[in-house]
Amino acid sequence: MDQAEFSARLIPMKDKIYRFARAILSDVSEAEDVTQDIFERLWAQRSSLERYTNLDAFVMVSVRNLCYDRLRSRKSKRAKLDMLRDELPRSTRGFADEETDTRELLLAVMAELPEKQRTVMHLRDVEDYEIDRIAEIIGMESPTVRVLLSRARRTVKEKFKAIMDYGIG
């Protein structure tokens with residue numbers, strides 16, 4: 001694969017790669033780093049990329065794997081941050097701030113989901129992938145993906161409703 005073909009086939013995926021990495025990592029700078037790392041790895045592998053029949057799925061699986069590697073490496077740091085965040089009063093987390101728009105609030109709620117649920121929900125509801133494609137990307141069966149998506153949506157709905165209702169009703 002030469003530079004022109006690489007640019008034509010892979011550069012248009014840049015935003016999708018970034019959004020997927022951000023959904024998994026919940027961190028803008030790390031998502032940017034993952035996006036750059038993926039393109040560096042793809043460029044280094046450009047001569048062998050033609051063997052993949054579904055390049056899109058290969059790239060997204062690569063992004064997922066790199067993100068999970070980063071999550072594992074920062075696990076202890078994240079656990080400490082989560083512990084500190086849980087100790088803060090709810091109002092200091094930004095949920096009660098009236099200036100927080102609905103989209104940011106929804107993304108914050110999604111960020112609290114378990115990794116697999118957050119990944120499935122992002123791929124389906126943000127990137128608009130079909131269930132079978134999501135199953136292929138994350139390496140699970142379609143029924144499992146459906147269950148994860150259902151649980152994620154239910155959790156987000158409940159948390160979002162509680163936040164928007166300020167716990168009333």
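By nonpolar core I mean a set of buried Ala, Val, Leu, Ile, Met, Phe, Trp, Tyr and Cys residues joined through side-chain atoms within 4.5 Å. Buried is under 20% relative accessible area, exposed over 50%, partly exposed in between, with a 1.4 Å probe and protein chains only. The model is predicted: local features need pLDDT of at least 70, side-chain atom pairs count only at pLDDT 80 or more, and totals for chains, interfaces and linings use all residues. Residues are numbered from 1 along each chain as its sequence is written, and side-chain values use heavy atoms, with hydrogens and water left out.

The largest nonpolar core has 44 residues, and Leu10, Val59 and Val63 have the most contacts inside it. Among the elements giving it two or more residues are α1 (3–10), α2 (14–25) and α4 (55–73); helices here are DSSP runs of H or I, at least four residues, numbered from the N terminus. The most comes from α4, with nine residues.

What does leucine 10 touch, leaving aside neighbours within four places in sequence? Taking contact as heavy atoms within 4.5 Å, the partners are Met1, Phe39, Leu42, Leu49, Leu55 and Val59.

Now α4 itself. Of its 19 residues, 14 are buried, so α4 is largely enclosed by the rest of the structure.

Last, the packing of α2 on α4. Residues of α2 including Phe20 and Ile24 meet a set in α4 that includes Val59 and Val63. The residues of this contact divide into eleven nonpolar, no polar and four charged; Ala, Val, Leu, Ile, Met, Phe, Trp, Tyr, Cys and Pro count as nonpolar, Asp, Glu, Lys and Arg as charged, and the others, Gly among them, as polar.
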